[in-house]
Amino acid sequence: MLFRSGGADVLLLPKSDKRRQPTLKVLNEADLILTVSDGLREQCIRLGADPSRVHTLLQGVDDSSFKPGNKAEVRSILGIPLNVPAYLWVGRMVGVKRVDLLLEAFHHLRGTITDAQLYLAGQGPLKEQLRSQVRAFGLNDNVHFVGPITQADLPKWYQAADATILTSSSEGLPNVLRESLACGTPFVSTNVGSISEIADPASSILVPANDVECLRAAITDILDPVYQSGAAQYQPRSWNQTARELVTLLHSPICKMPPSGSSVSTATEGIAI
């Protein structure tokens, strides 16, 4: 059995009395465990996995789609004003993503950047609660719920934004940040999980989790052109690179997987989240 960890499966599930033992069982029985970051590899080992069976396989992006574009053109297509700061958040609207924290920081931001626009891409059970928060803060003209975005359209949103924002209290290593950089867009993120592994100070700012004031300051600072220049120098890791490394790993002596009849378990297979 091959188990692939993306984050929540080894960071959050082991904290649940009901899910801890099934998680540990999968980690103990898997022939090969792949993680998307070194931090998650270390977490699997801390949970009892045999280090020789745990390997980091970094994710890539579709570099034929996620690449820099013409900001004026894509903003015209998406209906985003050209000469205003525009920020993008992408994800599922659940508690761990702390979109409420982002809205609070954006509320305080209006004192210095009155015309800033925030675009929330995604759905989730907290959507209506977040809409209520937007109304309470008087942010109706500044915060936009754009709903789910297809992979085909997502690059345009990164290309249109001045920065991508992530405010989660827990993460593994979300690929949205790589996608953002691949499109030449810097990011601000809470310093959680393994995000620091790809956070270059030239193109990103990390802030402590749950700190509204640090987040507000970073959202302002990321508009400095130096970060845009840094993101423009980013060299994305491609899907092909990841695929080649996986094939090499599966054919290497360290891979102990049986030659046939093996199953694959991921964050959504084998363990119910």
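Student: Which residues is S37 in contact with, leaving aside its neighbours within four places in sequence?

Tutor: They are T56, L58, L173, S194 and E197, where contact means heavy atoms within 4.5 Å. This is a predicted model, in which local features need pLDDT of at least 70, side-chain atom pairs count only at pLDDT 80 or more, and totals for chains, interfaces and linings use all residues. Residues are numbered from 1 along each chain as its sequence is written, and side-chain values use heavy atoms, without hydrogens and water.

Student: Why is S37 called buried?

Tutor: Its relative accessible area is 0%, and buried means under 20% with a 1.4 Å probe, protein chains only; S37 is therefore buried. S37 is placed in the loop between β2 and α3 (38-46).

Student: What lines the largest cavity?

Tutor: The lining consists of I80, A86, Y87, L88, Y119, W157, A160 and A161. Two or more of these residues come from each of β4 (86-90) and α7 (154-160), and β4 gives the largest share, three residues. The cavity holds about 40 Å³. A cavity is a set of points on a 1 Å grid over the protein atoms alone where a 1.4 Å probe fits but cannot get out, and lining residues have an atom within 4 Å of a point.

Student: How many residues of each class does the lining of the largest cavity have?

Tutor: It has eight nonpolar, no polar and no charged residues. Ala, Leu, Ile, Trp and Tyr are among the types counted as nonpolar, so I80, A86, Y87, L88, Y119, W157, A160 and A161 fall in that class.

Methods:
Helices (H or I, at least four residues) and strands (E, at least two) are DSSP runs, numbered from the N terminus. Buried means under 20% relative accessible area, exposed over 50%, partly exposed in between (1.4 Å probe, protein chains only). On a 1 Å grid over the protein atoms alone, a cavity is a set of points where a 1.4 Å probe fits but cannot get out, and a pocket is an open set with protein on both sides within 12 Å along at least five of seven lines; lining residues have an atom within 4 Å of a point. Grid points are joined across faces, edges and corners, and a volume is the space filled by probe spheres set on the points.
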